[in-house]
Amino acid sequence: MLDRKVKIKSIRDLGSRNYLLTLNAPEQARLIRPGQFVMLKCIENVREDPLLRRPFTIFDVPKSARSGKPVGLDLLIKEVGMGTRKLIQLRPGQALFCLGPQGHGFQVSSEMRNRVEIACLIAGGVGIAPLYLLAQSLLAQNVKPVLFYGGAAIADLVLRDYFERLGIDIIYSTEDGSFGERGVVTQPLAQFLKTHPRRDIRVYACGPWGMMKAVHALSAQNNLQCEVSLEARMGCSLGACLGCVVRCKDHEGEEQYLRVCQDGPVMNSRLIDWETAPL
Ligand SMILES: Cc1cc2nc3c(=O)[nH]c(=O)nc-3n(C[C@H](O)[C@H](O)[C@H](O)COP(=O)(O)OP(=O)(O)OC[C@H]3O[C@@H](n4cnc5c(N)ncnc54)[C@H](O)[C@@H]3O)c2cc1C
Ligand code: FES
């Protein structure tokens, strides 16, 4: 894990309080695995509020046009409070501290080549952030990703062009019916699993707690392995403050608390006590 002062290359307004922040961070970019995150100090002056850094997933790793080597980090930022507001007000050329890459990402390995044919990727809103690098690494293992991307309205379905360029199957849904199927994202997933009753499917989800709980339930009903990328308020991100714990069950069904920063953010959905959301 590296702590570096990195420069902002660009901040693109995607609408609906979503932004794509690109950082020049070649050293960190080379180390990224799908599902990992970085902790950003949201302002240049380290003494200014917010004092604590904020966690953001790595959406993409831009590469040099000349050498093909990783040179930066693309982060999808939803403006929700003081830290994210100050972050998106920074300008290209300004610098901030970036700690990472951190955390356990998704499990994708060459063993999947013969065992898994389809990967269902389920995103709710900014939960799309970890799924682009994941889709690319699944394709590299000959696994076919099918993306289920849902939001309240069409404006929440940002960065669709990235996934469309991969040429994968995508099923969009919006709660207000403004784009794709009307309703919640788990409806088309349930329909898909009904018409594809197979064992060689893996499920990956990121989004609001209730959505991931429903995805876990569908996966368990269909006897499928499911990995979820969790969110929790983070203090240190180093495993010390226990501010990010989530209630889980061990293999004997005994209660345990796992740290989203160190044991996650990606976890097997069967470990989690879905009745108790993190703070
Ligand atoms: C591992 C991880 C990866 C993340 N990846 C992304 C990402 O790619 N893009 C993105 O936009 N956001 C991501 N988040 C959430 C992001 O960290 C928070 O939105 C951010 O910290 C809010 O900071 P703030 O100062 O703007 O808001 P605050 O002023 O601290 O809070 C504003 C509101 O946001 C809520 N909030 C704050 N932090 C979180 C959180 N961690 N989870 C849920 N609600 C929160 C608060 O309850 C409050 O209602 C991620 C969180 C984690 C733990
Ligand atoms: S944020 Fe401190 S233990 Fe996870």
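A: Helix α4 is followed by N142, whose phi is positive, near 65°. Most residues other than glycine have a negative phi, and most peptide bonds are trans. This is a predicted model, in which local features need pLDDT of at least 70 and side-chain atom pairs count only at pLDDT 80 or more, while totals for chains, interfaces and linings use all residues. Residues are numbered from 1 along each chain as its sequence is written, chains are lettered from A and ligands numbered from 1 in the order in which they are written, and side-chain values use heavy atoms, with hydrogens and water left out.

Helix α4 itself spans residues 131-140 and is mostly covered, with seven of its 10 residues buried. Helices (H or I, at least four residues) and strands (E, at least two) are DSSP runs, numbered from the N terminus. Buried means under 20% relative accessible area, exposed over 50%, and partly exposed in between, with a 1.4 Å probe and protein chains only. In α4 the buried residues are L131, Y132, L133, L134, A135, S137 and L138. Their cover includes α3, β7, β8, α5 (160-166) and β11.

Between two of these covering elements, β8 and α5, runs the loop that holds L159. L159 is not a glycine, yet its phi is positive, about 60°. With a relative accessibility of 6%, L159 counts as buried. Another leucine, L242, also has a positive phi of about 60°; L242 sits in the loop between β12 and β13 (245-249).

In α6 (residues 186-195), the buried residues are T186, P188, L189, F192 and L193. Seen down the axis of α6, these fall within an arc of 160°, so they line one face of the helix; the arc is that of the directions from the helix axis to the C-beta atoms. An α-helix has 3.6 residues a turn, so residues three or four places apart point the same way. The buried residues of α6 pack against β7 (118-124), β8, β9 (169-174), β10 (181-182), β11 and α7. Contact here means heavy atoms within 4.5 Å. A190 is also in α6, but A190 is partly exposed, with a relative accessible area of 29%. From A190 to F56 there are 134 residues in sequence and 29 Å in space, C-alpha to C-alpha.

Now the overall division. The protein is divided into domain 1 (2-102), domain 2 (112-229) and domain 3 (232-279); domain bounds come from an automatic or database domain assignment. The centres of domain 1 and domain 2, taken over C-alpha atoms, are separated by 25 Å. Their contact takes 16 residues from domain 1 and 15 residues from domain 2.

Strand β6 (residues 95-102) contains C98. C98 is buried, with a relative accessible area of 0%. Leaving out residues up to four places away in sequence, C98 touches L2, D3, R4, V6, Q28, V38, M39, L40, R53 and L73. C98 and D273 are 175 residues apart in sequence and 31 Å apart in space, C-alpha to C-alpha.

Two loops hold cis peptide bonds. One is the bond from D49 to P50, with omega near -5°, and P50 lies in the loop between β3 (37-40) and β4. The other joins G264 and P265, with omega about 10°; P265 is in the loop between β14 (255-259) and β15.

Last come the pockets. On a 1 Å grid over the protein atoms alone, a pocket is an open set of points where a 1.4 Å probe fits, with protein on both sides within 12 Å along at least five of seven lines; lining residues have an atom within 4 Å of a point. The largest pocket is lined by 47 residues, and P55, K78, V80, V126 and E231 lie nearest its centre. Elements that each supply at least two lining residues to the largest pocket include β4 (54-57), β5 (72-78) and β8 (144-151). For the second largest pocket, 19 residues form the lining, and Q107, R202, Q225, E227 and N268 are the closest to its centre. Two or more lining residues of the second largest pocket come from each of α3 (112-115), β11 (201-206), β12 (226-229) and β15 (266-268). That lining draws at least three residues from each of domain 2 and domain 3.
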